[in-house]
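Colleague: Could we go through this model together for a few minutes? I'd like to start with charged pairs and then move on to helices and the backbone.

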Amino acid sequence: MKIRLAALFTVLTLIFVFLLYQQSFQTIDVKLQDIWLQDERETDYRVAILAIDDESLHDVGQWPWPRDVHAQLVNELADFAAVIGFDITFPLASDNPEDDEAFIEAVQNAGNVVLARYGMFDKFSQRGMIESTELSEPFPPLKEAALGLGHLNTFPDEDGVVRRALYRFTFEGEEINSFSSVIAQHYAQKMGEPLRFDESALNELQQFHIDYAGAPNQFEVIPYSMVLNGDVPADYFEDRIVLIGPYTVGIKDDFLTPLDKKQSMYGVEIHANIIQNLLEGNFKKEVDWQWNALILVMLSSIAYFICRMKSPFVSLILLAVFAGLFGYLGKLLYENGLIIAFVYGLLLLATSYVCAVAFHYFNELSERKRVTSIFGRYVAPQVVNEILENGEEGLKLGGIRKEVTVLFVDIRGFTTLSESVEPEEIVEILNEYLDLTANCIFDYGGTLDKFIGDATMAIYNAPLPLEDHAMQAVRSAWAMKQKAVALEEQLQERFGKAVKFGIGIHSGPAVVGNIGSKTRMDYTVIGDTVNTAARLESNSKPGQIIISDTIYEQVKDRVIVNALGEIQVKGKLQGISIYEVEGMT
């Protein structure tokens, strides 16, 4: 059984390793990571958002605004903000050259403005750096005036949630870095803290995991117009990164995030989260599938040893505890920069438990059938059931004292018959008679104790309680006598000779249990009751059922008997009154 259970767990492990390699549950896995790994924490004060929100649209006017408005804002912030980033694209010159010139001049004079560009892609499935087919950039004079340029491209997962940032792609052989990374690089340089990016955190498509600091609206958000009209002084942003972008449903630029899948987050705030990751050096690397596969092997080994336990409930509790520890380990690894696959391990534990329970159930059912099939040929079904229910406990030496009825049945004339037929025929005849006696015993709830040559011994009221056991024994004996008629006729036709049963029945106290040695034992009864029943059987004539007075007192209203008087039984001082059963009422 242990070998087969180990084989089952090996197959399960291989299946889950294959599913892991194929990323079959990837969508479920990332959702589980969202729930368990992503936690809100304090957002970075160094990043502030100037929102093009409803209040600003009301104060400044309908979008898009004249470019001299942006020029005014840049001029206000130029001497204080460390880096100004526009999460807005300016691909074409406006209809007012003077406004454009004012904006270009403000950007150039400030020397700390990062502008956005945007790549267009065909559908891609290749591994490695993505290549853009087109690139939208600020119109040339504005592009030249900017401190730096970064792309705004965002690729949500299939469920619409943004979990990764595209660090870079290529266009005509040039590497195009992300808007957030360009801003973080320039900020770090200005503050004298060189930014070191961990390239190993990038996946095959040059994306890295975003560890969101906050849900929507957690970063400091200030209406654009409040800076223009002086409600918020420019020096408030000294040595800070100022991100400028849409913050209203009127300008579509919002996405779902792991921390809140009902309320979307504006793109400018997603950039704020990415910048915070970069400044903190907070890079999460998804471990290779081989390491996840090794974790599955370890989990499977632990689950195997747990599921070998006899109690399914205890196994379930231990597996639940271990699943919790696995979750805690994943959280700990995440805090140290590693992301492991959760769902495959948890599903493996759950599947292992279900399969182990099913395996134990069917194995026990098979074992029960096997034991019943084998031992049921030698001992009574009640004894087999006791062995199955109690295991080794039911096989210990010893017994208990209880009231039982003992029946002995022997074949009269069998020795004479055996002298006139072949040994093979004798065995055939004997088997038919013994099968008849066994079935009659079982039909009335008796326990077949043993076959003794051509004799059969049966017990009633052991090992299981049997109501009216004395009467049940008499019914068994009467059934034997009735059914033996057909066998007698067959023997008479074949051999010209017939045999009959002689039966003796007695009730009384006896010791019932496993009697013998530790290596060889019988479930049987011992005591004077057994000896008396055997003596009654030896005194019975062919075709005669003899019961003791003890039996008679219990069944006299339901049987027809013929009193045979008193006989002296060896070992007893007083005689026993006996009766022949002649019929049933």
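Colleague: Which side chain does glutamate 488 meet in a salt bridge?

Modeller: The partner of glutamate 488 is lysine 500, at 3.0 Å from N to O. A salt bridge here is a side-chain nitrogen of Lys or Arg within 4 Å of a carboxyl oxygen of Asp or Glu. The pair links distant parts of the chain, with glutamate 488 in helix 16 (residues 469-495) and lysine 500 in strand 19 (residues 500-516), 12 residues apart. Helices (H or I, at least four residues) and strands (E, at least two) are DSSP runs, numbered from the N terminus.

Before we go on, please keep in mind that this is a predicted model, in which local features need pLDDT of at least 70 and side-chain atom pairs count only at pLDDT 80 or more, whereas totals for chains, interfaces and linings use all residues. Residues are numbered from 1 along each chain as its sequence is written, and side-chain values use heavy atoms, with hydrogens and water left out.

Colleague: Fine. Is glutamate 488 buried or exposed?

Modeller: Glutamate 488 counts as buried, at 14% relative accessibility, while lysine 500 is partly exposed at 36%. Buried means under 20% relative accessible area, exposed over 50%, and partly exposed in between, with a 1.4 Å probe and protein chains only.

Colleague: How many salt bridges does the structure hold?

Modeller: The structure holds 24 salt bridges. One of them joins arginine 117 and glutamate 174, whose closest N and O atoms are 3.8 Å apart. That pair also links distant parts of the chain, since arginine 117 is in strand 3 (residues 113-120) and glutamate 174 is in strand 8 (residues 174-177), 57 residues apart. Arginine 117 is buried, with a relative accessible area of 7%, and glutamate 174 is partly exposed at 41%.

Colleague: And what does aspartate 449 pair with?

Modeller: Aspartate 449 meets lysine 450 in a salt bridge of 2.3 Å, N to O. Aspartate 449 is buried at 7% relative accessibility, whereas lysine 450 is partly exposed at 24%.

Colleague: Changing topic, how do helix 10 and helix 11 pack?

Modeller: Helix 10 (residues 289-307) packs against helix 11 at an angle of about 155 degrees, with the axes 9 Å apart. The axes are lines fitted to C-alpha atoms, for helices over the stretch in contact, and the angles run from 0 to 180 degrees between N-to-C directions. The two helices are therefore roughly antiparallel to each other, a term used for angles over 145 degrees.

Colleague: Where is leucine 318?

Modeller: Leucine 318 is in helix 11 (residues 312-335), and with a relative accessible area of 34% this leucine is partly exposed.

Colleague: Now the backbone: which residues does a cis peptide bond join?

Modeller: A cis peptide bond joins tryptophan 63 and proline 64, with omega about 0 degrees. Proline 64 lies in the loop between helix 3 (54-60) and helix 4 (67-77). The bond from alanine 462 to proline 463 is also cis, with omega near 0 degrees, and proline 463 is in the loop between strand 18 (455-460) and helix 16.

Colleague: What about phi of asparagine 461?

Modeller: Phi of asparagine 461 is near 85 degrees, a positive value in a residue other than glycine. Most residues other than glycine have a negative phi, and most peptide bonds are trans. Asparagine 461 is in the loop between strand 18 and helix 16, and at 12% relative accessibility this asparagine is buried.

Technical notes:
Angles under 35 degrees count as roughly parallel, over 145 as roughly antiparallel, 65 to 115 as roughly perpendicular and the rest as oblique.
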